Amino acid sequence: LCRTFKVGSAEVTVVSDGDLTLPLSFVLPGRTPAEIEAVLQSQGKAAPGSGIAAEVNVVMIRLNKEVILIDTGAGPDFIPTLGRLADRLGPAGITPDEVTRVVFTHAHPDHLWGVIDPLDGGSRYQNARHVMSEAEVAYWTKPDIESQVPESFKLMAVGSGRRLKTLGDRIERVKPGIELTSGVQLVDTGGHTPGHMSVLLRSGSEQLLIGGDVLTNPVFSFQQPAWRWGPDMEPDRAIAARQKTLQMLVAEKTQLVGYHLPWPGLGRVEAKDSAYRFVQG
């Protein structure tokens, strides 16, 4: 699965790494089935059963002679329905060697683990500069990180820490706010993880936010942005980031690609009543 479109003079390609289903009890802790069903019904959606489906949409930008890959999928060791990116780059017209930068929004497995080549143990993207926020690297490489996270994050903390240590000095530790190249800026959207960043692309009169996991569900992230989302590691900060991002997307008429929004994750946001609505396409 591959989709290419233009944002000004930039060429943006979305490649699917696969999909996954997240248990309701994990993603919407503390919410009753009646509350969840009421929100879904208000949007004409059916009751979700025991889980919520999520896509994994990986973005590549071609601009200013740069080929920028944003996140790298899950690789083969996380969930069987993920890890398709490596096989789909070729049909999408992308070779790993032409990637000049790899930008990680954060270090959760479905965004980071696919960077490692299982054959030689190094990065798949040998010619690329690898970029992550300094706060994110520092968090996941802390000694005994697995003892400092909730039970549901322990295994991923070990795996992410190990991969970051494998990459070592290949990772450029940066602060949000910098421009990677003219028209491509890193934006602080921390809260989902301590150093979570999104990527803002500006070209001509057009803007696109590659949001990572700041907005993850096409209903709840927009209709109920103040609800706690279970995978968020700093829930209050994540709620603030969601609300700020939604306000920006509406005010600046900026398009969005969400990593877990319905394929290919592309759409726009509209203010609706006291909440928001994701309009796909």
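# Pockets, cavities and charge pairs

Visitor: Hi! Let me start with one side chain: what is the relative accessible area of Glu234?

Guide: Glu234 has a relative accessible area of 29%, so Glu234 counts as partly exposed. Buried means under 20%, exposed over 50%, and partly exposed in between, with a 1.4 Å probe and protein chains only. Before we go on, this is a predicted model, where local features need pLDDT of at least 70 and side-chain atom pairs count only at pLDDT 80 or more, while totals for chains, interfaces and linings use all residues. Residues are numbered from 1 along each chain as its sequence is written, and side-chain values use heavy atoms, leaving out hydrogens and water.

Visitor: Thanks. Which residue does Glu234 meet in a salt bridge?

Guide: That would be Arg237, with 2.8 Å from N to O. A salt bridge here is a side-chain nitrogen of Lys or Arg within 4 Å of a carboxyl oxygen of Asp or Glu. Arg237 is partly exposed too, at 33%.

Visitor: How many salt bridges are there in the whole structure?

Guide: A search of the whole structure turns up 12. One of them pairs Arg31 with Glu35, whose closest N and O atoms are 3.3 Å apart. Arg31 is partly exposed at 29%, and Glu35 is partly exposed at 31%.

Visitor: Which residues are linked in a network?

Guide: Glu11, Arg62 and Glu98 are linked in a network of salt bridges.

Visitor: Now Asp17. Where is it placed, and how far away is the nearest side chain of opposite charge?

Guide: Asp17 sits in strand β2. Asp17 is buried yet has no salt bridge, and the nearest side chain of opposite charge, Arg88, is 6.7 Å away. For charge, Lys and Arg count as positive and Asp and Glu as negative, with His and the chain ends not counted.

Visitor: Then what does the side chain of Asp17 reach?

Guide: The backbone nitrogen of Leu85, at 2.8 Å.

Visitor: What lines the largest cavity?

Guide: Asp17 turns up again, and the lining also includes Leu85, Arg124 and Tyr125. The largest cavity has a volume of about 50 Å³. Its lining divides into three nonpolar, four polar and two charged residues. Ala, Val, Leu, Ile, Met, Phe, Trp, Tyr, Cys and Pro count as nonpolar, Asp, Glu, Lys and Arg as charged, and the others, Gly among them, as polar.

Visitor: And the second largest cavity: what is its volume?

Guide: About 40 Å³. Residues lining the second largest cavity include Phe220, Trp227, Trp229 and Arg242.

Visitor: On to pockets. How much space lies in the largest pocket?

Guide: About 430 Å³. The largest pocket is lined by 23 residues, with Lys45, Asn217, Pro218, Val219 and Pro262 nearest its centre. Elements giving two or more residues to that lining are β3 (51–63), α7 (220–223) and β14 (275–280). Strand β3 provides the largest share, five residues. By class, the lining has 14 nonpolar, six polar and three charged residues.

Visitor: What about the second largest pocket: which residues are closest to its centre?

Guide: The second largest pocket has a volume of about 320 Å³. Of its 23 lining residues, Leu20, Leu22, Phe26, Asp110 and Pro231 are the closest to the centre. Here β2 (10–23), β3 and α4 (109–112) are the elements that give two or more residues. The largest share, four residues, comes from β2.

Definitions and conventions
1 Å grid on protein atoms, 1.4 Å probe; cavity = no way out; pocket = protein on both sides within 12 Å on 5 of 7 lines; lining within 4 Å. Points joined across faces, edges and corners; volume = space filled by probe spheres on them. Polar contact = N/O pair within 3.5 Å; in protein donor to acceptor, adjacent residues only side chain to side chain.
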